[in-house]
Amino acid sequence: MNISRRKFFKYCIGSAASLGLAPALLPKLVKALENPGVVPNIIWIEGASCSGCSVSLANLIGDCSEYGPTDFPDLLFNYMNASFAKTFMTAAGDHAVESLRAAQQTDYILVVEGGVPTVFNGMTCTLFSENGVDVTMLDAVNELAAGAQAVVCVGTCSSYGGIPATGENLTGIKSVSECTGIPTINLPGCPAHPDWVAATIAKVLCGEEIVLDQTDNRPVDLYHRTVHYTCPRRPLYEKGHFATAIGQEGKCFYELGCRGPYTIADCSARGWNNGFNYCIQAGVPCVGCAEKAFPGDQLIKH
Ligand code: SF4
Ligand code: SF4
């Protein structure tokens, strides 16, 4: 098990630049690499979601260093040392639950993907059955968050409710912090960028303090400027050259409803798809997926 932790730290050190890890973090990663037994396990649970954040994290594989994982389960279980991640683990049934309960007896980080259904006693979303009793996402998140060293919310749904919390959904979706009353490290995005997830988990694993913004509990090093701020189409915005159709080149999407000026995330600086492009470079406006109000239209201009 310690070997897997070492692999994750080696990977983070080798990929520090692409993950956006500050040079000051490297000595801590090296120290954690030398003493991997002190880092916690990861328990990854998923509630009301599309699994898009897991799929997004899987894209990290394409940018791996020489120490990089071969596929997503390799990253999750052999590098990040996940003890429970139901969607991807090979263990099932009682064996999976045993793995979860064993991890619960150790120091662990809880990673949550998806919102939490709260009405009908949470019975619209059960995670597993234990001794003949269905354990709901609501029960699991309350129990596991209470014992975790840190709770990381991956994606807008677990951070704020996101798409499942909108419209006529009768299941009463809430965010993890709303359900538990426990402060969470929020990585909003629909999906969350894989670098945001890997870098944050690396920091938590090696005991680095993560500074969060006061309003939405996001790491300030990842969420501090609007998409608009470093958008390559910003000069076109300043000149008033506005697109009249999706996909137009050489135009700004503001008049098509682009939410870049209302959305704090580093997409335009970091890029997606291993830095190859991102929404606006691909010819569509930003829809504000990293904002608390997403997918509604109550976004605030920053
Ligand atoms: S496309 Fe959107 S983010 Fe880019 S400059 Fe125009 S309004 Fe700003
Ligand atoms: S550019 Fe906007 S819509 Fe696209 S991923 Fe970033 S925050 Fe989400």
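**Overall architecture and ligand surroundings of the predicted model**

Of the 302 residues in the protein chain, 47% are buried; a residue counts as buried if 20 or more other C-beta atoms lie within 10 Å of its own, as exposed if 12 or fewer do, and as partly exposed in between, with C-beta atoms placed from the backbone. The model is predicted: local features need pLDDT of at least 70, side-chain atom pairs count only at pLDDT 80 or more, and totals for chains, interfaces and linings use all residues. Residues are numbered from 1 along each chain as its sequence is written, while chains are lettered from A and ligands numbered from 1 in the order in which they are written.

The protein chain contains 12 helices and nine strands, where helices (H or I, at least four residues) and strands (E, at least two) are DSSP runs numbered from the N terminus. Among contacts in the protein chain between residues at least 6 apart in sequence, 70% join residues at least 24 apart; two residues are in contact if their C-beta atoms, placed from the backbone, lie within 7 Å.

An open sheet is formed by five strands in the order 2-1-3-7-9, with parallel pairing; two strands pair if DSSP finds at least two bridges between them. Strand 2 (82-85) and strand 9 (185-187) stand at the edges with a single partner strand each, so one side of each is left without a neighbour in the sheet. From one strand to the next, the twist averages 15°; axes are lines fitted to C-alpha atoms, for helices over the stretch in contact, and angles run from 0 to 180 degrees between N-to-C directions.

Within this sheet, strand 1 (residues 41-46) pairs with strand 2 in the parallel sense over three bridges, and tryptophan 44 stands opposite alanine 85 in strand 2. Strand 3 and strand 7 run parallel and are joined by five bridges; valine 112 has cysteine 153 in strand 7 as its bridge partner. Strand 7 is in turn joined to strand 9 by three bridges, again in a parallel arrangement, and valine 154 stands opposite leucine 187 in strand 9. Strand 7 is mostly covered, five of its five residues being buried. The burial extends to both faces of strand 7, with Ala150, Val152 and Val154 on one side and Val151 and Cys153 on the other.

Helices lie against the sheet. Helix 7 (residues 137-147) lies across strand 1, strand 3 (108-113) and strand 7 (150-154), and runs at about 160° to strand 1. Helix 10 (residues 194-205) also packs on the sheet, where it touches strand 3, strand 7 and strand 9, and its direction makes about 175° with that of strand 7. In helix 7 the buried residues are Met137, Leu138, Ala140, Val141, Leu144 and Ala145. Viewed down the axis of helix 7, these buried residues fall within an arc of 160°, so they line one face of the helix; the arc is that of the directions from the helix axis to the C-beta atoms.

Strand 5 (residues 126-130) and strand 6 (residues 133-136) pair in the antiparallel sense over four bridges. The two strands form a hairpin with two residues between them, and asparagine 131 in the turn has a positive phi of about 55°. Threonine 126 has threonine 136 in strand 6 as its bridge partner.

Two individual residues illustrate the surroundings outside the strands. Aspartate 107, in the loop between helix 6 (93-104) and strand 3, is exposed, with 12 other C-beta atoms within 10 Å. Not counting residues up to four places away in sequence, aspartate 107 touches Pro40 and Gln149. Arginine 234 belongs to helix 11 (residues 234-239) and counts as partly exposed, with 17 C-beta neighbours inside 10 Å. Arginine 234 and tyrosine 254 are 20 residues apart in sequence, and their C-alpha atoms are 9.9 Å apart in space.

Ligand 1 is surrounded by 15 residues, of which the closest are His228, Cys231, Cys252, Cys258 and Gly260; a residue is assigned to such surroundings if its C-beta atom, placed from the backbone, lies within 6 Å of the molecule. The shell around ligand 1 divides into 11 nonpolar, two polar and two charged residues, with Ala, Val, Leu, Ile, Met, Phe, Trp, Tyr, Cys and Pro counted as nonpolar, Asp, Glu, Lys and Arg as charged, and the others, Gly among them, as polar. Around ligand 2 stand Gly189, Val227, Thr263, Ala265, Cys267, Tyr278, Cys279, Cys286, Val287, Gly288, Cys289 and Ala290. The shell of ligand 2 comprises nine nonpolar, three polar and no charged residues.
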